[in-house]
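Visitor: I am new to this structure and would like to learn how to read it. Could we take a few features in turn?

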Amino acid sequence: MALTNEYIQEQLVAKFGDQVTAFSTTFDILSFESPKEMNLKVLQFLYDEPSLGFTFLTDLCGVNYPDNIGGELVVVYHLHNFTENVRLRFSVATSIAQPDVFTASKLFESANWMERETFDFYGINFVGHSNLKRILNVDEMDYFPLRKEYPLEDQTRIDKDDEMFGRG
Amino acid sequence: MEANHNITLPEGSIEKQTTTLNFGPTHPATHGVFQNIMEVDGERVVSTVQTVGYIHRAFEKLAERRPLYQITPITDRLNYCSSPINNMGWHLTCEKFLNIQTPKRVDYLRVIIMELSRISDHLICNSIVGVDTGAYTGFLYVMQYRELIYEIYEEVCGSRLTTNIGRIGGFERNFTNAAFTKLEKFLNEYPKTLREFESLFTRNRIFMDRTQGTGGISAERAMNYGFTGPNLRAAGVDYDVRVQQPYSSYQDFNFTVPVGTTGDNYDRYLVRNAEMWESISIIRQAYEKVQAFKGTDADVYHADVPEYYLPKKEDVYTKMEALIWHFKIIMGEIELPKGQIYNAVEGGNGELGFYLISDGGRTPFRLHFRRPSFIYYQAYPELIKGGMISDAVVTMSSLNLIAGELDA
Amino acid sequence: MRPVRFNIHPKEAEISDAISMGIAPDGIPGDGFFATQLSSVVGLARKNSLWPLPFATSCCGIEFMATMASHYDLARFGSERVGFSPRQCDLLMVMGTIAKKMAPVLRQVYIQMAEPRWVIAVGACASSGGIFDTYSVLQGIDQVIPVDVYVPGCPPRPEAIIDGFMKVQDLVGQESIRRRNSEKYKALLNSYGIQ
């Protein structure tokens with residue numbers, strides 16, 4: 001039996017009830033959310049359940065929604081089932097005041113650096129990560145650059161005239 | 001390793017059985033700037049700590065500032081050995097998001113360019129694996145054909161390396177006869193050179209001894225580490241985005257996906273080599289299909305999307321709507337629809353994914369690149385553990401790590 | 001046929017008998033001797049045997065590989081041996097974007113080079129930060145080391161890299177022997193904080 005989005009939704013609702021919410025299908029990929037405490041349980045279920053079998057973590061990234069009070073920082077997992085060729089998107093939201101999310105690096109080795117990158121860019125603290133340090137930026141950087149409140153350019157540069165770039 | 005020698009070390013010396021060796025970031029054998037601080041016991045590598053980010057250029061933050069067309073030049077600089085694939089991956093993502101259908105001729109021309117860039121990427125990787133084992137000649141033989149591929153790109157888009165090729169909906173100009181002549185020259189002459197290159201390496205005793213049995217990984221570990229592309233296929237999993245989720249009419253082509261067994265350096269070399277032969281066959285098929293379009297069909301090189309494709313200059317100077325569209329496209333004032341999309345293409349290194357979230361503005365709200373090199377470089381300590389330092393060098397080059405893609 | 005607008009009357013190269021002579025420095029020729037300034041001789045020798053250190057970080061590095069390959073051959077200019085050790089090289093070719101994380105490494109490599117040393121910044125990113133006006137990219141390597149020649153382009157064509165290299169050769173050929181010990185040069189290095 002082919003793995004359809006409806007079947008995945010049924011299985012998730014059957015297992016987790018109302019903890020999994022906001023089901024939607026965009027461009028053939030089913031997306032859903034859950035509270036951040038449940039993220040490992042959901043990922044483990046999707047990995048172990050034989051009829052679902054999402055054993056490949058394609059991508060892990062963060063998004064900053066500054067207007068979404070209480071859920072400003074979101075971690076998005078993209079999963080893939082190779083044999084049935086089905087993709088899935090799963091997101092958990094956390095507040096900017098206490099951005100703790102359990103790490104998925106015990107389950108998927110590929111999550112290790114992807115979580116470090118998300119920490120580097122957004123400041124999400126992955127609880128249980130073996131080496132949560134900055135990976136792409138300099139270690140001494142004291143802010144999280146991809147948050148919407150910070151600008152793109154380096155504010156200390158003196159040789160570019162912002163007036164000429166329309167930003168003065 | 002734990003032998004107790006009768007040596008008294010002076011006060012304050014660090015008593016360690018292993019040597020710390022700094023491999024990079026400026027090193028002739030690292031292709032790009034990576035640093036590995038290795039603990040070596042004699043010549044054997046015990047463990048490694050990697051440092052990346054030496055070329056972090058903040059693509060994702062940059063993309064939040066730019067409308068769609070201005071993001072294409074930054075996708076160029078991801079995997080710069082095969083930049084047309086990155087450009088077309090981005091345009092395919094935009095087209096899927098904006099619900100634009102491209103005509104078949106555009107798809108086939110895109111396939112020709114993408115397979116040429118796949119050949120160019122694998123050529124660099126395989127010839128540099130040769131250089132790292134000490135054989136410089138193969139690199140010089142095949143670079144001639146990379147120059148021919150660059151000339152074909154120049155005929156279409158004007159630039160060699162960071163191509164910014166194509167537009168949303170197709171190409172910026174129709175392929176000229178010169179482009180097709182050069183493509184025919186490539187298809188005629190390149191197979192001989194590839195065979196000559198193979199004869200230097202594939203059954204070469206020294207090359208085989210250097211690369212077999214080093215840097216191997218099993219299929220389960222490779223999948224857990226998020227490997228995709230030739231590295232995963234060398235480990236035994238036949239995952240190819242062109243087959244699983246065909247884009248740009250790949251389903252119309254007849255090709256096989258080469259798969260290895262042990263995932264070591266030799267298998268990776270062989271998989272890339274076989275993929276180059278498959279790419280040549282795909283280009284031949286695509287070329288025949290393109291030639292089958294006759295008459296006015298042969299002039300089609302873009303889809304009809306006035307919101308995203310610049311109108312002809314004659315129309316801009318004479319018609320009002322064309323002038324307005326021209327202005328809006330150049331200034332990037334077209335509003336994107338709301339939504340999110342994840343789209344992937346088969347890059348030279350594996351699944352290159354684009355995760356685009358739009359909230360209705362003129363620029364993306366969030367654009368994330370799923371970069372294959374970043375993800376599989378995590379496995380490097382496990383690949384070289386217990387091997388020699390020189391094997392670590394060959395493993396790094398056979399993984400085809402591109403610094404621009406790694407750090408984004 | 002594309003209409004050709006440029007170079008329709010190309011200049012003929014001055015080649016007689018398929019041998020073109022290099023230009024000798026000013027001096028007094030004689031029967032079996034040639035008297036000239038020491039700096040001209042030293043400059044002539046140095047400029048035709050520059051050993052570059054390719055500090056290739058990104059896309060410009062691939063164009064450098066194309067320049068080193070047989071089509072655009074940089075070895076004709078005397079740089080047959082590219083070295084990767086700064087102690088043995090004369091010319092630091094910085095190709096590609098230098099991020100702020102990499103800047104101390106670049107500075108360290110420059111400090112390790114022995115005098116006389118020249119620096120060529122290849123590409124827009126090395127010259128001024130290029131298209132990456134972001135928080136993590138150094139806006140030009142001349143923020144950390146003194147640069148002799150800038151080659152614009154993104155990436156510059158191999159012909160442009162060779163043109164930059166030839167300009168460095170001009171600089172090397174005309175450099176005074178005392179330059180590296182002069183007050184002006186010392187002041188330049190001091191302004192970068194390099195002793």
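Visitor: In what sense do strand 1 and strand 2 of chain B pair, and over how many bridges?

Guide: One point before that: the model is predicted. Two strands count as paired if at least two bridges are found between them. Strand 1 and strand 2 (residues 35–41) of chain B pair over 5 bridges, in the antiparallel sense. To see one bridge, look for Phe23(B), whose partner in strand 2 is Asn36(B).

Visitor: What is the order of the strands in the sheet?

Guide: The order is 1-2-3 in chain B, an open sheet of 3 strands with antiparallel pairing. Strand 1 (19–23) and strand 3 (44–51) of chain B are the edges, as each pairs on one side only. On average, neighbouring strands of this sheet are turned by 25° against each other, direction ignored.

Visitor: How do I check the length of a helix, say helix 4 of chain B?

Guide: Compare the end-to-end distance with the span expected at 1.5 Å a residue. Helix 4 (residues 104–132) of chain B has 29 residues and reaches 42 Å from first C-alpha to last, close to the expected 42 Å. After this helix comes Gly134(B), with a positive phi near 110°.

Visitor: Why is helix 4 of chain B described as largely enclosed?

Guide: Here burial is a count of neighbours: a residue is buried if 20 or more other C-beta atoms lie within 10 Å of its own. In helix 4 of chain B, 26 of the 29 residues are buried, so the rest of the structure largely encloses this helix.

Visitor: Where does helix 6 of chain B bend?

Guide: The bend is at Glu189(B) and is about 35°; a proline, Pro191(B), follows within four residues. The end C-alpha atoms of helix 6 (residues 177–201) are 36 Å apart, which agrees with the 36 Å that its 25 residues should span at 1.5 Å a residue.

Visitor: Which elements do the buried residues of helix 6 of chain B pack against?

Guide: They pack against helix 4, helix 5 (137–157), helix 7 (205–211) and helix 11 (265–291) of chain B. Among the buried residues of helix 6 are Ala179(B), Leu183(B), Tyr190(B) and Phe201(B).

Visitor: How many helices and strands are in chain A?

Guide: Chain A has 3 helices and 7 strands, in the pattern α-β-β-α-β-β-β-β-α-β along the sequence. Of its 168 residues, 40% count as buried.

Visitor: How many residues does each side give to the contact between chain A and chain C?

Guide: Chain A gives 9 residues and chain C gives 7. By class, the chain A side has 3 nonpolar, 1 polar and 5 charged residues.

Definitions and conventions:
Residues are numbered from 1 along each chain as its sequence is written. Chains are lettered from A and ligands numbered from 1 in the order in which they are written. This is a predicted model: local features need pLDDT of at least 70, side-chain atom pairs count only at pLDDT 80 or more; totals for chains, interfaces and linings use all residues. Helices (H or I, at least four residues) and strands (E, at least two) are DSSP runs, numbered from the N terminus. A residue is buried if 20 or more other C-beta atoms lie within 10 Å of its own, exposed if 12 or fewer, and partly exposed in between; C-beta atoms are placed from the backbone. Two residues are in contact if their C-beta atoms, placed from the backbone, lie within 7 Å. Ala, Val, Leu, Ile, Met, Phe, Trp, Tyr, Cys and Pro count as nonpolar, Asp, Glu, Lys and Arg as charged, and the others, Gly among them, as polar. The expected span of a helix is 1.5 Å times one less than its number of residues. Axes are lines fitted to C-alpha atoms, for helices over the stretch in contact, and angles run from 0 to 180 degrees between N-to-C directions. The bend at a residue is the angle between axes fitted to the seven residues ending there and the seven starting there.
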